Structure formats: C-alpha cells, structure tokens
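Please look over the sequence and the model shown here before reading on. The report that follows takes up a few strands, a helix, a pocket and some backbone features.

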Amino acid sequence: MSFSVAIQPSGRSFTMEANETVLGAAINAGIGLPYGCKDGACGSCKCKLVSGQVSHGPHQEKALSAAEAAAGYLLTCCAKPESDLVIEARQVVALGDHPPVKMPTRVTRLTRVAPDVMVLRLQLPANNSFGFRAGQYIEFILKDGQRRSYSMANAPHAVKEAGPEGIELHIRHMPGGLFTDQVFSTLKEKDILRVEGPFGTFFLREDSERPIVLLGSGTGFAPLKAIIEQMRHAGISRPTTLYWGCRSQADLYLHDWAQQQAAELPWLTYVPVLSEAKPEDQWTGRTGFVHQAVLADLPDLSAHEVYACGAPIMVQSARQDFTTQAGLPEEFFYADAFTSEADKHGA
C-alpha cells in the first residue's frame, strides 16, 4: 500500500510505501528533510505532523518524548505511514545535485593530532564523480555490513586541490569501537576502505544573509572547518563566530588553524572554550559549557542562524536554550549530532 506525503511550507510532496520510513522515502525522492543519526537517537529529524497517522519504530525518549508524540511530533527516521501525511518541516532542501555513491577509497595519510584524535586522509578513485556540500558526511561500509559515519572536514574545492590526499576526516578513538580501534591500531597507508556518501542536511545555507554561529564540541569541529573553507572560497563574508568546546587544551587539535583563519578573515571570530582545563594548560581563555558561552556573548539570537555539531547532549542543550532563552527561531538551528552505538541503543 502506498501513501502520499506533503511537506509544508515548501509544497514538496512524494509517494511512499507503508514499509518505508518517511525519511528514507524522502531521500529516495530527492527531497532533503533534516536528519542526523538516522537511528532515533538524536532528534534532529523531529517534525510536526499536521495530519495523518504514523507508527514509530524503536527510538530514544530523549529524541522524541511521549509528550511530544502526543502533541503531534514525529521522528521521520523512525516513522512509517498509516495514512496519507502532511508534515511541517522548514529545513527542506533538494539534494538531487549530489546523489550518494558507493566507492573504494585508499588511505593516504594517518596523523594523530591529539591523544585520541586521528586525521585520516582518503584518496578518491581516479574516475570518481563524487560531489558534496561542505558539512555533509560519508559512511564507511564495514566488512560485516555495519556502517560508521564521519563528517568531511574539508570543502569540495579543497578535496580536489588535495589531490591524492582527497577527503579529510577527524576520527576520535572510542575504545572498543568496531571501526575506531582499527583506525588507531591496524589501519595503515594504502589500505582500501569502502565508503558511501554524501549524506546529511548539515551545510551552509548560502542564500541567507543572517549572521552565523558555528558551534562545535570535540570532533564536531570537522564539518565547521569545511564550512569555513567553503565560505572563504566562495567569498561569503557574513559575520561568523566559531565556538569550539573541548575538555582540555590538548583536545583543541587544530587550534592554530582556527586562530589563523580568524586572523586572516575579518568576518570570522574564534572562541575556544574548555570545560576541564588542566593546571598545566595555564588556560586564560573561556571555560565552562560551550553553548553557554554563546548565550553569554549573544543573548539575542533572533537574527542569527546556528550550525551545531558534536555530542548529542551539547546539541540538545543548545537547541533548547537558544530557542527558549535567546529567541532563535527553531528553523534556523541546523544540527548534526554525533551518536555512538551506545547512544543509538540507549546504553
């Protein structure tokens, strides 16, 4: 049985089968609904159900509470239709210009930039037609079919200019992690890894004139770096502030790069924030939670747009506080929450 789905206020629509998720069917139809983890863990795909009925698969309470479901909200990554649907989703974009492709990549460089962060460089096939928007991510397809997602840390033009070093990824070691244990132990140059991408709706809306807040925690810095590179390349000079939150100074693994960009670009301000600065750091900069630093500096976000990437708790806290305390319109909060397998299964 098939159902129709209409999206407000964009006027886009598509047809889907009863056994599909709303998000999966939308992607197949070339319609970009907002999403992050695709596993019911982060809440980035939460939308308003204007009319119709859906059934939800397994998901985390933090992503969609019972009260929110009762109030008419749905997670498109988990929801399957039981009737025709009308959905309100303001972040609808067309992604047909860069359809996901599967391809082999070759490891060309591994650089440990922090005790638990590796910069991985991947060479694309010589005949590749891979295109993407700065901020999107790719998925590694592991031997058992499992997948792991990582944001690309360089802009499209930088990938081309890098030649054999192609795509740049920032990978944090999760001890016991199926993929990251491999990256930090046995992976070596010239190894072949299979990937698919691009995915995600986390990228700069270039048709806007609103001032920008780039908010990252840990390796959530990666897609923000790509966005800054894209802005510089495209001559976009909207006032932009980069907030990067880490535990200690050693975790600010590209601190010098961020400082250099802010020194060279008059429209960019860089604010690093440490939550657990060590005495040996002799840190004189900002401390505390990174999203609270934003609120302290910008108590009125009503004219801004925010791009937040990192740990789910940071993204959720920022979304809640920015929209309720600082007047940020919900539709101008763009997010990509990094979810681990533990996050996905509620562990």
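How many bridges join β20 to β21, and in which sense do they run?

## A strand between two partners

The two strands β20 and β21 run parallel and are joined by 5 bridges, where strands are said to pair if DSSP finds at least two bridges between them. Strand β16 (residues 212–217) also pairs with β20 in the parallel sense, over 5 bridges. Helices (H or I, at least four residues) and strands (E, at least two) are DSSP runs, numbered from the N terminus.

This is a predicted model, in which local features need pLDDT of at least 70 and side-chain atom pairs count only at pLDDT 80 or more, while totals for chains, interfaces and linings use all residues. Residues are numbered from 1 along each chain as its sequence is written, and side-chain values use heavy atoms, with hydrogens and water left out.

## The covering of β20

Strand β20 (residues 305–310) is mostly covered, since 6 of its 6 residues are buried; buried means under 20% relative accessible area, exposed over 50%, and partly exposed in between, with a 1.4 Å probe and protein chains only. Both faces are covered, with E305, Y307 and C309 buried on one side and V306, A308 and G310 buried on the other.

## The helix that follows

Together, β20, α8 and β21 make a right-handed β-α-β unit, a crossover being right-handed if, with the strands pointing away from the viewer, the path from the first strand over the helix to the second runs clockwise. The 14 residues of α8 should span 20 Å at 1.5 Å a residue, and the end C-alpha atoms are 19 Å apart, which agrees; the expected span is 1.5 Å times one less than the number of residues.

Within α8, the residues P312, M314, V315, A318, R319, D321 and F322 are buried. An α-helix has 3.6 residues a turn, so residues three or four places apart point the same way. Just after α8, G327 takes a positive phi of about 75 degrees.

## The second largest pocket

The second largest pocket has a volume of about 700 Å³ and is lined by 29 residues, of which G43, K46, Y73, R319 and E330 lie nearest its centre. The elements that give two or more residues to this lining are β4 (46–51), α8 (312–325) and β21 (333–337), and the largest share, 6 residues, comes from α8.

On a 1 Å grid over the protein atoms alone, a pocket is an open set of points where a 1.4 Å probe fits, with protein on both sides within 12 Å along at least five of seven lines, and lining residues have an atom within 4 Å of a point. By class, the lining has 12 nonpolar, 8 polar and 9 charged residues.

Most residues other than glycine have a negative phi, and most peptide bonds are trans. A cis peptide bond joins Q8 and P9, with omega about 0 degrees, and P9 lies in the loop between β1 (2–8) and β2 (13–17). Another cis peptide bond, with omega about 5 degrees, joins G197 and P198, and P198 belongs to strand β15 (residues 192–199).

K190, in the loop between α4 (180–183) and β15, has a positive phi near 80 degrees and is exposed, with a relative accessible area of 64%. Q282 has a positive phi near 50 degrees, lies in the loop between β18 (268–274) and β19 (286–287), and counts as exposed at 69% relative accessibility.

Terms used:
Points joined across faces, edges and corners; volume = space filled by probe spheres on them. Nonpolar A, V, L, I, M, F, W, Y, C, P; charged D, E, K, R; others polar.
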